[in-house]
Amino acid sequence: MTQALLVIDVQNDFCPGGALAVPEGDVIVPGINALMADFPAVILTQDWHPAGHSSFASTHNAEPMTMTEMPYGPQVLWPDHCIQGSIGAQFHPDLTVDRADLIIRKGYNPAIDSYSAFFENDHTTPTGLEGYLRTRGITNLIMVGLATDFCVNFSAVDAAKLGFKVTVREDLTRAIDFDGSLTAAREGMRVAGVVLT
């Protein structure tokens, strides 16, 4: 077995009606469920923030979707979302969660955000996913989920840098597209060697 399906952050807060809704975020769920049957390994990631997280605009008395500077670099200040134990942090109710071999939670450190499934936003603190994949002999990753231009993008680029063969199924992702972020993400993924299909 060398292939795994990595399903990024298909959670209520990223779907219509959620705190940080991605347009059509729920439309991709049936296709992702169908794709799971084709893979010997399925891994889900779950955004899992404590209340008052440093990436929340409310923590800084700032407007959501503004920028700030963190010790690790520039950071978008988000609406409060995916708070641990909340309905918003739960996976979309139609997602076939039981098919997952592993669920990686990220963003739980209050001092640092975590877009990537592999590293927190300092680009050095690992989540442990790389080690799990290597010990299982997985070399090829197909990525789907939310959002194309943030968590999918960062996960795909990090995986490619770590030497994994990465494909992003754009039909099974959706983007926030904040200030040209989708175009930039697509270009960055291609430069990193990620295949977009």
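Which residue forms a salt bridge with Asp101?

## Asp101 and its partner

In this predicted model, the partner is Arg99: the closest N and O atoms of Asp101 and Arg99 sit 3.9 Å apart. That just makes the list, since a salt bridge calls for a side-chain nitrogen of Lys or Arg within 4 Å of a carboxyl oxygen of Asp or Glu.

Arg99 has a relative accessible area of 26%, so Arg99 is partly exposed.

## Asp171 and Arg169

Another pair to look at is Asp171 with Arg169, a salt bridge whose closest N and O atoms are 2.8 Å apart. Asp171 is partly exposed because its relative accessible area comes to 42%. For Arg169 the figure is 24%, which means that Arg169 is partly exposed.

Now for Lys106, which pairs up with Asp47 in a salt bridge, with 3.4 Å between the closest N and O atoms. This pair ties together distant parts of the chain: Lys106 belongs to strand E5 (residues 102–106) and Asp47 to strand E2 (residues 42–47), and the two are 59 residues apart. Lys106 and Asp47 are both buried.

Asp9 joins in here too, as Asp9, Asp47 and Lys106 are linked in a network of salt bridges.

## The overall tally

How many salt bridges does the structure hold? The count is eight, and the pairs described above are among them: Asp101 with Arg99, Asp171 with Arg169, and Lys106 with Asp47.

Key: Residues numbered from 1 in each chain as written. Predicted model: local features only at pLDDT ≥ 70, side-chain atom pairs only at ≥ 80, totals over all residues. Heavy atoms only, no water. Helix = DSSP H or I, 4+ residues; strand = E, 2+ residues; numbered from the N terminus. Buried < 20%, exposed > 50% of the residue type's maximum accessible area, 1.4 Å probe, protein only.
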